[in-house]
Amino acid sequence: MGGLNDAGQLDARNAMKLKTFAGGLHPPDNKQWSAHKAIEVCPLPALLVIPLSQHIGLPAEPCVKPGERVKKGQTVGRAKGFVSVPVHASTSGEVVAVEPRPHPSGRDLPAVVIVPDGADEWLDGIETVRCDELTPDQMRERIRDAGVVGMGGATFPTHVKLSPPVEKPIDTLILNGVECEPYLTADHRLMLEEPQRIFAGIVVMRKILGVSRIFVGIEANKPDAIEVMTKLCAGTGVEIVPLAVKFPQGAEKQLIKAIVGREVPSGGLPMDVGLVVQNVGTAAAIQDAVTFGRPLIERICTVAGPGVVEPKNLRVRIGTPLSHLVAHCGGLAGDPAKIIMGGPMMGMAQLSLEVPTTRGTSGLLLFREEDLTLAPEGPCLRCGRCVRVCPAHLLPTTIAAYARLER
Ligand code: SF4
């Protein structure tokens, strides 16, 4: 395996051989605050707000009413169409409202509001099955019914990604364990602490897609995760690929280019070049859905940044208000001037901590006024550095010139 020595560890000499893409840059990754913190279970909040829109595609349609009692894992919103997924109760309790609530998108959007009863009682009839007894179609159905979406932040319905049309044959599956966004360490901890869930998800996808070429891409700044995954996958045909530490190494197109050298056409999808890419967290959710019939009602989320007292990696129920996550991390370390859901590069700025955690919430970052710097704009020296680092081969200088001319 490129980049590792005989002992299965990264070394400086081998680091020269790490695969990557052209362009990109390495902002300070600031992962040291939470990378060593084991996943902690975030306690249930007093109120769960479960948005009906947590994915790309049509929002789910509510199928419960205020006053109704629900159990953990029960469908509270049905999928509307193929590119849509159902949403589920993250615990047992009483539905107290079905109404628009503040959403991470910045708007008020329909949500199912549940007051937990504390019993945390699973829905009856959730059955464990043997994966090898299911057909690919049955597996896809269980993945859709469980509401599994891309957990790297894109939230595209996973059953759709795993249903490529016949005219687009798939020969390769890539697992994305890159986590190149600064501060985020949720996928890192998942690979260290629950690698079997990821591997079991890979086995399911291998059967669905009928592929034999499988890679797991991991940035070289996670040597312990590379080691764990390498040992687990030894002799299985799944290859672990250490990658250069560079943003945006985890973007689908850059990841594909780095690992297999294929170029996804502009406006195209990985399936256009015979590939499916899934996040490692999604693989774990696929295993829960297919083998255990468990819907996606919780996820790992990194809470970090200088604005929080104690950065942590939390296992959080979907629908938990961000303020509850902060409280479990020792509270605020000052007035938050910037709240970001996700990473600092691609995440979404939030107006308040009262919005809920969704299936795509990989992180919550908090910054105070004194942590933010905005460098004044200076004259362009025509050095060309921005052109060289742009991973999409754009010309930032030309775009800036047009923007100034308001064109
Ligand atoms: S805008 Fe681009 S070309 Fe101009 S000085 Fe900055 S990096 Fe160099």
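**Close-up 1. Cys383 in the predicted model.** Cys383 counts as exposed in this predicted structure, because its relative accessibility is 55% and the cut-off for exposed is over 50%. Cys383 is also one of the residues that surround the ligand.

**Close-up 2. The shell around the ligand.** By residue class, the shell is made up of four nonpolar, two polar and two charged residues.

Close-up 3. Is Cys42 buried or exposed? Cys42 is buried, because its relative accessible area is 4% and buried means under 20%. Searching the whole structure gives zero disulfides. Cys42 accordingly takes part in none, and the nearest cysteine sulfur belongs to Cys329, at 7.4 Å; a disulfide would need the two sulfur atoms within 2.5 Å.

**Close-up 4. The buried face of helix α2.** Helix α2 covers residues 136-145, and its buried residues are Met139, Arg140, Arg142 and Ile143. Viewed along the axis of α2, these buried residues lie within an arc of 160°, so they line one face of the helix.

**Close-up 5. What covers α2, and what follows it.** Which helices are among those covering the buried residues of α2? The cover includes α3 (158-161), α5 (195-209) and α8 (280-292). After α2 comes Gly147, which has a positive phi near 70°.

Note on methods. Residues numbered from 1 in each chain as written. Predicted model: local features only at pLDDT ≥ 70, side-chain atom pairs only at ≥ 80, totals over all residues. Heavy atoms only, no water. Near = heavy atom within 4 Å. Nonpolar A, V, L, I, M, F, W, Y, C, P; charged D, E, K, R; others polar. Buried < 20%, exposed > 50% of the residue type's maximum accessible area, 1.4 Å probe, protein only. Helix = DSSP H or I, 4+ residues; strand = E, 2+ residues; numbered from the N terminus. Arc of directions from axis to C-beta. Contact = heavy atoms within 4.5 Å.
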